[in-house]
Amino acid sequence: MVELKHRSNPTPLLATFIAAHPNATLKDFDSIAFRAAKNAIKTELNTDQGGLCVYCEQKLAAKDGQLEHIKPKGGKNARPDLCFTYTNYAHSCTNDKTCGQKKKDGELPIEPTDPHCNSQWLLSTNGNIEPREGLSKQQRHKATQTRDMLGLNQPALVAARQRVFNNVIEILRQHPQEASAFITNQEFRYLLATSV
């Protein structure tokens with residue numbers, strides 16, 4: 001999961017939209033009036049997330065994916081009050097088996113804005129994400145629940161992570177001085193940092 005730190009000064013288009021639409025509702029999120037702000041926020045988040053999906057850490061172009069509400073705007077865990085709150089946004093892919101599409105209106109026990117959000121799991125050599133050894137029962141449950149809500153052990157993701165993990169191991173064997181720079185430019189770099 002990308003360790004997301006929001007900008008202190010996001011695009012002024014968001015403030016402009018909120019000022020022009022002080023009574024905006026959930027339906028306004030997909031309106032033409034909000035489109036410019038939405039696209040600008042998505043682009044900023046894509047830059048801040050290093051071109052990765054906030055949840056699965058796969059490459060994600062700024063024009064692709066969705067502007068994700070970390071705390072859901074609708075459904076049983078609805079936080080409509082956060083619909084236009086910048087710090088509740090992330091850039092997520094739109095794979096229906098993983099990430100924001102799989103999470104739907106669920107409330108994540110571990111969010112990408114949590115400091116050290118990756119500290120409760122590690123990437124195994126086979127590409128799976130597993131809770132770290134030594135966690136309390138409650139911490140283990142939160143790590144497992146978050147992973148499963150986001151579909152982060154979906155087979156295609158596991159296989160992709162295993163390939164990258166194997167590449168990192170090979171770099172460590174042959175050119176250990178280059179490993180850090182290699183990891184910095186890879187998909188899954190936050191997860192890799194939990195294991196390497």
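The side chains of glutamate 44 and arginine 7 meet in a salt bridge, with 3.7 Å from N to O. A salt bridge here is a side-chain nitrogen of Lys or Arg within 4 Å of a carboxyl oxygen of Asp or Glu. The structure is a predicted model, in which local features need pLDDT of at least 70 and side-chain atom pairs count only at pLDDT 80 or more, while totals for chains, interfaces and linings use all residues. Residues are numbered from 1 along each chain as its sequence is written, and side-chain values use heavy atoms, with hydrogens and water left out.

Where do the two partners lie? Glutamate 44 is in helix H2 (residues 32–48) and arginine 7 in the segment before helix H1 (12–20), so their pairing ties together parts that are 37 residues apart in sequence. Helices are DSSP runs of H or I of at least four residues, numbered from the N terminus.

Glutamate 44 is buried, at 13% relative accessible area, whereas arginine 7 is partly exposed, at 31%. Buried means under 20% relative accessible area, exposed means over 50%, and partly exposed lies in between, for a 1.4 Å probe and protein chains only.

I turn to two further pairs. Arginine 79 and aspartate 81 form a salt bridge through their side chains at 2.7 Å, N to O; arginine 79 is partly exposed, with 32% relative accessibility. Aspartate 148 and arginine 147 also meet in a salt bridge, at 2.9 Å from N to O.

How many salt bridges does the rule give? The count comes to ten.

Notes:
Helix = DSSP H or I, 4+ residues; strand = E, 2+ residues; numbered from the N terminus.
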